Structures are given as structure tokens and as C-alpha cells.
Amino acid sequence: SFRMVWLAKEAVMQQFGDTDARLLRWIQFLLVFAIATLSFSMNSIQSYLNQNLQSLLGADLLLTQEVPLSPKHLQYLSQSATKTSKATVLSVTISQGDLWQQTQLKFVDHNYPLKGDLVTSDSQSGTEKLQNTGPNINEIWLDSRAMAALEVKVGQTVMIGNHELIVAQVLIHEPDRLLEGHSFTMRAMLNLSTFDALQLDSQRLTYRYLFSMDNDNVKRSLN
């Protein structure tokens, strides 16, 4: 009987030992699974943040400065890019009749935007739509606050100095709006070719250069 009791105890100990081993294997499996999942999630999050940041900046690489790039530097960066765009920013007064409003103007070329969504509307309460390029020459897109302040609608005109511009769209969203931070300045967009006709002070311009390129060329351009 003593031997039977001893055998029963050994069987119970073996059973608990097998249970502990299985439990240990499950814990190891869950840890490996958790680490793999976390690594995949971090890579996905990093990829999402990179893509989202590029959309918010309007390009893979964006340079902003108070003086224009030299032709030599612009050529060097453009060689590594699949597409480039130039924009200039200036704060001026827009008028309509007896009304006037200080507004930040952004002059963009025909390649803008490179990344992200440029969104406009035909009226302040109209349906939003994506644009593949910016305004035509002698057009202006005003944001809704500027339109309200100047009491204008799409199809009417405003003045910058002695130059008349047609309000062609309501400006809803610009892909590089992130650069303005939390500014409450009213905004407008024009064609870069319109700038010369307006005869504005070029010494107060901020220059933006946008480049579409892969990550390796971005890193190489920044070194």
C-alpha cells in the first residue's frame, strides 16, 4: 500500500510538472507574440506618421526662408527630386469697395500641391472639392473668413492695390497649412505668375520650396 501511495504521489507531481511546463510554454509564446505585434504596430505607426507629416507639409522635403535659393542650390536639390514646386508668402491688404482686410497671400506655381489635399468650394456653404492645382492667373481664392470680412462671393472681384482679381473659389484647406501653426491670419491663394503684375514688395516675401523625393534623397539633401 505504501508503494501505491508513493506511485500516486509521483503521478500527481508529474501532472503538476507537465502543467507547469505547458504554462511556461504558453507564457513564452504570448511574450513572443506580444513583442512581434508591438514591433509591427510601431512600424505601422511610424509609417503612418511619416506619410501624414508629408501630407501636412505638402511635400517630402520643404524649405522655407526669407531669401530665395541660389540657382546652384535649387538645381542640386531638383536633381534628386521627381517633382518640385515653388511658393511665396506675403501679407498685404485686400479691398472691396469701402471694406479692407489684411490677408496672408500665398502665390503658388502650376505644380502645387505635391502632396496632400488642396480643398476648395464654389461657395461658403457649398460642397468641398479637391483641386489638382492652384488658381489661374488673375484669380484669387479667399478663405471663408476673408470672404465674410470683405462681403464678397465667388464670381465677384477684389482689389490689391490697383489690380482687380476675380474671386474664383473659397479656400478651405492647404496641404502645407501646418507651417502657419495656430495663426488666425486670414488667407488667400494666387497664381505665382500674378505676383509680377501686382508689383508688390518682394523684400517682404517668404520663399517656400517643395520637393517630392524618396527618403534616401531627403536624408542626402539635408546633409
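How many aromatic pairs does the rule for ring centres give here? The count comes to one aromatic pair, where rings of Phe, Tyr and Trp (its six-membered ring) pair if their centres lie within 6.5 Å, and planes under 30 degrees apart count as stacked, over 60 as edge-to-face and the rest as tilted.

Before selecting anything, note that this is a predicted model, in which local features need pLDDT of at least 70 and side-chain atom pairs count only at pLDDT 80 or more, while totals for chains, interfaces and linings use all residues. Residues are numbered from 1 along each chain as its sequence is written, and side-chain values use heavy atoms, with hydrogens and water left out.

**The whole chain**

Begin with a cartoon view, in which the protein has five helices and ten strands; helices (H or I, at least four residues) and strands (E, at least two) are DSSP runs, numbered from the N terminus. Of the 223 residues, 36% count as buried, where buried means under 20% relative accessible area, exposed over 50% and partly exposed in between (1.4 Å probe, protein chains only). Among contacts (heavy atoms within 4.5 Å) between residues at least 6 apart in sequence, 72% join residues at least 24 apart.

**The aromatic pair**

Select Phe-107 and Phe-195, whose ring centres are 5.3 Å apart and whose planes stand at 85 degrees, so the pair is edge-to-face. Phe-107 belongs to strand S3 (residues 99–108) and Phe-195 to helix H4 (residues 194–198), and the pair links parts of the chain 88 residues apart. Phe-107 is buried at 0% relative accessibility, and Phe-195 is also buried, at 12%.

**The nonpolar cores**

Next show Ile-94, Leu-105, Ile-140, Leu-142, Val-158, Ile-160 and Leu-190, which touch the most other members of the largest nonpolar core, a group of 31 residues. A nonpolar core is a set of buried Ala, Val, Leu, Ile, Met, Phe, Trp, Tyr and Cys residues joined through side-chain atoms within 4.5 Å. Apart from this core lies another, of twelve residues, among them Ala-87, Leu-114, Leu-118 and Leu-171.

**The salt bridges**

Turn now to the charged side chains, among which the structure holds seven salt bridges; a salt bridge is a side-chain nitrogen of Lys or Arg within 4 Å of a carboxyl oxygen of Asp or Glu. Select Glu-174 and Lys-106, whose closest N and O atoms are 2.7 Å apart. Glu-174 lies in the loop between strand S8 (163–173) and strand S9 (187–191), and Lys-106 in strand S3, so the pair ties together parts that are 68 residues apart in sequence. Both of these residues are buried.

Arg-187 and Asp-143 come next, with their closest N and O atoms 3.7 Å apart. Arg-187 is in strand S9 and Asp-143 in strand S6 (residues 139–143), 44 residues apart, and both are buried. For a salt bridge in another setting, select Lys-129 and Asp-122, which meet at 2.8 Å, N to O; Lys-129 is partly exposed at 30% relative accessible area, and Asp-122 is partly exposed at 42%.

**Strand S4 and its partners**

Select strand S4 (residues 118–121), which is covered on both faces, with Leu-118 and Thr-120 buried on one side and Val-119 and Ser-121 buried on the other. S4 runs antiparallel to strand S5 (residues 128–131), to which four bridges join it, and a hairpin of six residues connects the two; two strands pair if DSSP finds at least two bridges between them. Ser-121 has Glu-128 as its bridge partner in S5. S4 also pairs with S8 in the antiparallel sense, over three bridges, and there Thr-120 stands opposite Leu-171.

**Backbone stops**

Most residues other than glycine have a negative phi, and most peptide bonds are trans. In the loop between S3 and S4, find Pro-113, where the peptide bond from Tyr-112 is cis, with omega near 0 degrees. Asn-138, in the loop between S5 and S6, has a positive phi of about 70 degrees although it is not a glycine. Finish at Glu-151, in the loop between helix H3 (144–150) and strand S7 (157–160), where phi is near 55 degrees and the residue is exposed, with a relative accessible area of 59%.
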